[in-house]
Amino acid sequence: MSRIGKRSVAIPSGVTATIENGSLIVNGPKGTLSMSTSDLITYTIEDGEISVKPANNSKPARSHWGMQRTLVSNLVEGVTDGFSKVLEIAGVGYRANMQGKTLKLQLGFSHDVDLDVPEGIEVKTPDQTTVEISGIDKQKVGQFAAEIREWRKPEPYKGKGVKYRGEYIFRKEGKKK
């Protein structure tokens with residue numbers, strides 16, 4: 001039995017959830033999110049809670065159960081609070097700058113890296129070495145942060161590169177003389 005799947009997702013005040021045409025739609029103060037429902041899972045909305053149960057006792061239904069409950073929880077959390085990731089840039093001459101809907105990164109290449117910000121994502125650069133990504137869709141926020149980090153991952157000798165705030169970079173000693 002799924003420990004996560006057993007718990008139902010509470011719907012806070014100001015948030016509405018409906019199931020229509022094979023999709024779960026959640027409206028809240030930050031916006032609207034929807035996801036397609038799985039045939040292996042039954043979704044019920046009652047008493048201000050969304051409960052997720054396997055449709056039958058098959059192995060695929062039970063293996064989807066906890067994940068589907070987490071996806072429903074992410075929808076509710078996204079429309080109420082939203083999600084954010086903070087990236088920190090370390091290195092001489094490494095910096096980030098927002099210009100309209102484009103994020104300009106200088107990461108030690110011979111050219112600037114220009115990334116178009118996807119729809120539904122908000123990016124801020126409070127200073128040249130910090131990038132704040134926020135939005136209501138957890139997958140989009142995490143994916144865009146990973147795409148930025150992919151351009152220059154932190155290296156283990158000097159720690160230069162793009163890292164998540166709070167991420168620990170294991171540093172190597174280097175050569176001994």
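Is methionine 98 buried, exposed or partly exposed, and at what relative accessibility?

## Methionine 98

Methionine 98 counts as partly exposed because its relative accessibility is 21%; buried means under 20% relative accessible area, exposed over 50%, and partly exposed in between (1.4 Å probe, protein chains only). This residue is found in strand β8, residues 95-99. Strands here are DSSP runs (E, at least two residues) and helices likewise (H or I, at least four), numbered from the N terminus.

Leaving aside residues up to four places away in sequence, methionine 98 touches Leu103, Val117, Val123 and Thr125, where contact means heavy atoms within 4.5 Å. Its C-alpha atom is separated by 40 Å from that of tryptophan 65, 33 residues apart along the chain.

## Basis of the model

This is a predicted model, in which local features need pLDDT of at least 70 and side-chain atom pairs count only at pLDDT 80 or more, while totals for chains, interfaces and linings use all residues. Residues are numbered from 1 along each chain as its sequence is written, and side-chain values use heavy atoms, with hydrogens and water left out.

## An open sheet and its helix

An open sheet is formed by 4 strands in the order β11-β12-β7-β13, with antiparallel pairing; two strands pair if DSSP finds at least two bridges between them. At the edges, β11 (121-124) and β13 (161-164) each pair on one side only. Strand β7 (residues 83-90) pairs with β13 over 4 bridges, and leucine 87 stands opposite tyrosine 164 in β13.

Helix α3 (residues 138-151) lies across β7, β11, β12 (130-135) and β13, at about 10° to β7. Axes are lines fitted to C-alpha atoms, for helices over the stretch in contact, and angles run from 0 to 180 degrees between N-to-C directions.
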